[in-house]
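Keep the structure open as you read.

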Amino acid sequence: MENFHVLKHPLIEHKLTILRDKNTGTKDFRELVNEVARLLAYEVSRDLPLEEVEIETPIGKTIQKTLTGKKVVVVPILRAGLGMVDGILDLIPAARVGHVGLYRDEETMQPVEYFVKMPNNLEDRHMYVVDPMLATGGSAIAAIDSVLERGAKIENIKFICVVAAPEGIKALQEAHPEVEIYTAALDEKLNDDAYIVPGLGDAGDRLYGTL
């Protein structure tokens, strides 16, 4: 699939196995989501631009590289996406954070936006839209639509999740084929209740102990 990446790494796969286990408690689940997000962000950020600068070490002057250009904005989809933010900020502490709140309409089953707060000048920023699960793709599409409406450029947007279903990938790629999708795992399918199989359950409930 174009613009779709499963980031295979022994540490990611090990942590994901523990995340999937129904016996993993809230504290450990929360810590592991952050750890997986940090490892994903390490790979996703490989193409951030660099520039050369002159610095002075204790030994002498040298030309070295530093991040340049567009700054990063992490955009969690509320509420489960919040569980990935700290892990990414550990790696990119200068990143700003926007928020998109969505809920599913019980009649139409479509995502409804109830809250949006973004930094200024989105057109100049790399946007990492994050949510642990990419299931139907509805929330991801709505969140990306939201940041586009506020000035972000489609070529600067990446979607990062922990677990993805083929149905969600297909929907997101059809809606926004330019957006790169990064995940720790491509799972089998969605069940009749739109849960990812085998998945890891409801990420929001497991993050915040609201089972």
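The largest nonpolar core holds 37 residues, and Leu16, Leu19, Tyr128, Val162 and Leu200 have the most contacts inside it. Such a core is a set of buried Ala, Val, Leu, Ile, Met, Phe, Trp, Tyr and Cys residues joined through side-chain atoms within 4.5 Å. Buried means under 20% relative accessible area, exposed over 50%, and partly exposed in between (1.4 Å probe, protein chains only). Elements that each supply at least two residues of this core include helix 1 (10-20), helix 2 (26-44), strand 8 (125-130) and strand 10 (157-164). Helix 2 gives the largest share, 8 residues. Helices (H or I, at least four residues) and strands (E, at least two) are DSSP runs, numbered from the N terminus.

This is a predicted model: local features need pLDDT of at least 70, side-chain atom pairs count only at pLDDT 80 or more, and totals for chains, interfaces and linings use all residues. Residues are numbered from 1 along each chain as its sequence is written, and side-chain values use heavy atoms, with hydrogens and water left out.

Look at Leu200. Not counting residues up to four places away in sequence, Leu200 touches Leu16, Leu19, Arg20, Phe29, Met133, Val162, Val163 and Arg206. Contact means heavy atoms within 4.5 Å. Another core lies apart from the largest one; it has 27 residues, among them Val73, Ala140, Val147 and Ala164.

Now the open space. The largest pocket has a volume of about 880 Å³. Of its 29 lining residues, Arg104, Asp131, Ala135, Ser139 and Asp202 are the closest to its centre. A pocket is an open set of points on a 1 Å grid over the protein atoms alone, where a 1.4 Å probe fits, with protein on both sides within 12 Å along at least five of seven lines; lining residues have an atom within 4 Å of a point. Grid points are joined across faces, edges and corners, and the volume is the space filled by probe spheres set on them.

Which residues does the UniProt "binding site" annotation cover? The unreviewed entry lists Ile196, Gly201, Asp202 and Ala203. The lining of the largest pocket includes Ile196, Gly201, Asp202 and Ala203. UniProt positions follow the numbering used here, feature names are shortened, and annotations may be inferred rather than shown by experiment.

Gly201 lies in the loop between strand 13 (196-197) and helix 6 (203-208). Its relative accessible area is 37%, so Gly201 is partly exposed. Ala203 is found in helix 6. Ala203 counts as buried because its relative accessibility is 3%.
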